[in-house]
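Please look over the structure shown here before reading on.

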Amino acid sequence: MRVILDTNVLLGALISPHGPPDAIYRAWRAARFDLVTSTTQLDELRRASRYPKLKIVLPAHRAVAMVNNMQRAIVLDAPPPLPDDVEANDPSDGFLLAMVLAGEADYLVTGDRRVGLLQRGCFGRTRIVTPATFCAEAL
C-alpha cells in the first residue's frame with residue numbers, strides 16, 4: 001500500500017506523540033506501508049518546521065530527524081505538473097495531487113479540512129482521508 005501524508009499530518013506527528021498522525025508515522029517506520037514523498041514536500045517540511053509558531057513547540061532536531069528518516073521513503077524528484085483539467089482548491093497543495101498521480105498512491109492522508117482535499121474524497125483511484133479514518137481503515 002502506497003500512502004502520501006500531507007505535510008500537516010507529518011507536523012502533527014512531530015508535535016503530538018499521542019494522536020493519529022503519530023500512529024501513522026510510527027506505522028510507516030514499522031514498514032506497515034510504503035510512504036511516498038517528494039523533494040518538494042521535504043523542502044516544505046523543513047520550511048514549515050521553522051515557522052515561529054512551530055519553533056516554540058517543535059525542537060529543530062525532531063524535524064531534522066523526520067526529514068532524514070523520510071529519505072528512506074519513495075522520494076519523487078519532481079512530480080510532473082497536474083494535467084490542465086485538474087485544479088487544486090489551494091494551489092499550494094497542487095504538488096500533493098501531482099504526487100498522487102506520479103506515486104500511484106492508494107491513500108492521501110490530510111488533516112486540512114479547509115482547502116477541499118477531503119471534500120474530493122478521492123482523486124483517481126486514491127482515497128483522500130483524515131488521519132483518524134486512515135488509522136481505522138488501514139492500520
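This is a predicted model: local features need pLDDT of at least 70, side-chain atom pairs count only at pLDDT 80 or more; totals for chains, interfaces and linings use all residues.

Residues are numbered from 1 along each chain as its sequence is written, and side-chain values use heavy atoms, with hydrogens and water left out.

**The sheet**

Helices (H or I, at least four residues) and strands (E, at least two) are DSSP runs, numbered from the N terminus. An open sheet of 6 strands runs in the order S3-S2-S1-S4-S6-S5, and its pairing is mixed; two strands pair if DSSP finds at least two bridges between them. Strands S3 and S5 (122-123) stand at the edges with a single partner strand each, so one side of each has no neighbour in the sheet. Strand S1 (residues 2-5) pairs with S2 in the parallel sense over 2 bridges, and arginine 2 has aspartate 34 in S2 as its bridge partner. S1 also pairs with strand S4 (residues 107-109), again in the parallel sense, over 3 bridges, with leucine 5 standing opposite valine 109 in S4.

Buried means under 20% relative accessible area and exposed over 50%, with partly exposed in between (1.4 Å probe, protein chains only). In helix H5 (residues 60-70), the residues Ala63, Met66, Val67, Asn69 and Met70 are buried. They cover an arc of only 160° around the axis, which puts them on the same side of H5; the arc is that of the directions from the helix axis to the C-beta atoms. The exposed residues Ala60 and His61 lie on the face of H5 turned away from its buried side. The cover over the buried residues of H5 includes helix H1 (7-15), helix H2 (20-29), strand S2 (34-38), helix H3 (39-48) and strand S3 (74-76).

Asparagine 69, which belongs to helix H5, is buried with a relative accessible area of 13%. Leaving aside neighbours within four places in sequence, asparagine 69 is in contact with Tyr25, Trp28 and Arg29, where contact means heavy atoms within 4.5 Å.

In helix H6 (residues 94-103), 8 of the 10 residues are buried, so this helix is largely enclosed by the rest of the structure. Among the buried residues of H6 are Phe95, Leu96 and Gly103. After H6 comes glutamate 104, whose phi is positive, near 50°.

**Helix packing**

Axes are lines fitted to C-alpha atoms, for helices over the stretch in contact, and angles run from 0 to 180 degrees between N-to-C directions. Angles under 35 degrees count as roughly parallel, over 145 as roughly antiparallel, 65 to 115 as roughly perpendicular and the rest as oblique.

| Helix pair | Axis separation | Angle |
|---|---|---|
| H3 and H5 | within 10 Å | roughly 170° |
| H1 and H2 | 7 Å | about 95° |

H3 and H5 are therefore roughly antiparallel to each other. Their contact is made by Gln41, Leu42, Leu45 and Arg46 of H3 together with Met66, Val67 and Met70 of H5.

H1 and H2, by their angle, are therefore roughly perpendicular to each other. Here the contact is made by Val9, Leu10, Gly12 and Ala13 of H1 and by Pro21, Asp22 and Tyr25 of H2.
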